[in-house]
Amino acid sequence: MAGDYKKVRIPNWVNYWGWGSGDMLGAGAQAVITGWLFYFFTTFCSLSAVEAGLILGLPRLLEAITCPLIGYVSDHLRHTWVGHKIGRRKLFLLITIPLLPSFALIFRTGHTFYYYLLCFIFFELLYTMFLIPWETLAAEMSRDYAEKAKFAGARMIVAQSSAILASYLPTLLISQFGGKDSPDTFFWMAAIFGVIFSIVVTIVVLTTWERPYGPKELVALSQTFKGPSLKTALNMPVKMFADLFSTLKIRAFRQHLSLYLGGYLSQDIFNTAFPIFVATVLAGATLVISQLMTTMYVAQLISVMVAINIVIRTGPLLAYRIAISFFGAALALYLAFFLMQPAGFGASMQGLSGNIFSAFNPSAPSFSASLVFWLFTPIILAGLGRGTLNFVPWSVYNYLPDIDEAVTGERREGIFAGVMTLVRKVAQSGAIILSGWIIDMGGYISPKAHPGRVIEQTPEAINTIVALMVGGPIVVMVLGLVISWSFRLNARTHAVLVHEVERLRAGETEAESPENRRIVEDLTGWPYEKLWGRGARA
């Protein structure tokens, strides 16, 4: 672990993809949870929409403590013997490896509300123990703008690939083992993912490294092998929450959170309502939902590949605007479909016998250009927008510790990952609980009396689902875009920032030029003379 801080270790494709493989857990678990779990609970587990929303939402409120705590502890394990010998990030990863297959326990039918709640809390704790330390590693392995973008790109390509697997596995399992609309389909999907999760965390441990120790840190390390004092331990919660709130004093981070929440909350709302929309408005069951989600995630994968180049060349904001346009167009088409109710669509859907891809066969009796358009155009547009919305915030995150270092003179990757995950989980919790409550208040009837069968819903319930699925994402995306309108982090401004950080580290107190000063002050939100810990702590 120890080494010369100035020695540069260049990442290669093994490191990009090895680290990026971790999002098979990071995004793969979320693809299963947000894409299927609400539907699974309300369809197969005799739970109401409100109960399903509470199970998905309440555990994330607990992470108001666990997220910053894990981020803070992983940062400060650097000054302990354990952190020096094993790695302050990798220690957490190693703990999760044997426990991750427990993911499958969530997808067992016949249990109570409290069983599902406790199982989900346990998995969310494991998920957080992996996610926060893992997210810091890309920021530690490189300080180069293009390399950081490649790390983010590899991550997102893996993320979208895992989402494709999460959406397609039910189709594959149904075709191989039968049992259309059987809860066993979801259990075996979760079991397969649980094993994959353990494998990819092992790959991450073997292909990544942590930032090497500098001379000052080695001196501090030698003084802390005896362990922290009682006073230090008692002050840890105070210092942790001080660090937590201090991140919000970084201007670029506040702007980044608006991009992050706008992109991800829009998808949380859509994911909650979409399976029910397909079941009630498009008249499709599990197989159709799976195939539509697979199509969407393939489009997301393509979108990420394009977005990598856009972010490297122009910065994140242009890519974000394009993504909102695509996703918004998809939602507008779904609203148009609901209002128009195209003639013959329902009969044509029945003629597909559950295989939507057969709609492309012009010799099929059910073939129609209208059917192909309404099935595939909106979902592809949604995927093209969502892929970029996923990529942009996490590409930006890799640069935030550099901005923070300019202000504090410290590297706090862990606390930033903790804050991001905390804000994400709390906001996601609120979005899912609220969505479940809105769906339930609209009169949605859970098919718990007839598991696996789609039952007819009232017009009020369907209107509520459509309004939520279309209106909710548009509102949060537009708010995110408006708040972040003046976000100016790109390859050029990041290079200036890194250059000024190196000058500050060398003892300089003035910017190299007025332009450099303006850029650094714009990104940090702090006057130059107060940077590098010279003013009040950020």
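A residue counts as buried when its relative accessible area is under 20%, as exposed when over 50%, and as partly exposed in between (1.4 Å probe, protein chains only). Glu140, at 7% relative accessibility, is therefore buried. Keep in mind that this is a predicted model: local features need pLDDT of at least 70, side-chain atom pairs count only at pLDDT 80 or more, and totals for chains, interfaces and linings use all residues. Residues are numbered from 1 along each chain as its sequence is written, and side-chain values use heavy atoms, with hydrogens and water left out.

- The protein chain averages a pLDDT (the predictor's confidence in each residue, from 0 to 100) of 84, and 88% of the residues score at least 70.
- Residues 1–5 have a pLDDT below 50, and beyond near neighbours in sequence this stretch has 22 contacts (heavy atoms within 4.5 Å) in the model.
- Where pLDDT is low, the predicted coordinates should not be read in detail.

**Helix H6**

- Helices here are DSSP runs (H or I, at least four residues), numbered from the N terminus, while strands are E runs of at least two.
- H6 covers residues 113–141, so to speak 29 residues, and reaches 43 Å from its first C-alpha to its last.
- That is close to the expected 42 Å, where the expected span is 1.5 Å times one less than the number of residues.
- Most of H6 is covered, with 23 of its 29 residues buried.
- Leu117 sits in H6 and is buried, at a relative accessible area of 12%.
- Leaving aside neighbours within four places in sequence, Leu117 touches Leu54, Ile55, Leu58 and Pro59.

**Aromatic rings**

- The structure holds 33 aromatic pairs; rings of Phe, Tyr and Trp (its six-membered ring) pair if their centres lie within 6.5 Å, and planes under 30 degrees apart count as stacked, over 60 as edge-to-face and the rest as tilted.
- Phe40 and Phe41 have ring centres 6.1 Å apart and planes at 55°, so this pair is tilted.
- Phe41 also makes a tilted pair with Tyr116, at 5.1 Å centre to centre and 55° between the planes.
- Phe41 and Tyr116 are both buried.

**Charges over rings**

- A charge sits over a ring if NZ of Lys or CZ of Arg is within 6 Å of the ring centre and within 35 degrees of the ring normal.
- Arg108 has its charged end over the ring of Phe187, 4.2 Å from the centre.
- Arg321 does likewise with Trp485, at 4.0 Å from the ring centre.

**Salt bridges**

- There are 19 salt bridges in the structure, each a side-chain nitrogen of Lys or Arg within 4 Å of a carboxyl oxygen of Asp or Glu.
- Arg155 bridges to Asp23, with the closest N and O atoms 3.0 Å apart.
- Arg155 lies in helix H7 (residues 145–177) and Asp23 in H2, so the pair ties together parts 132 residues apart in sequence.
- Arg89 and Glu140 meet at 2.8 Å, N to O.
- Arg89 is in the loop between helix H4 (81–85) and helix H5 (90–96), while Glu140 is in H6, 51 residues apart.
- Glu502 and Arg505 also form a salt bridge, at 2.8 Å, N to O, and both lie in helix H19, three residues apart, about one turn of the helix.
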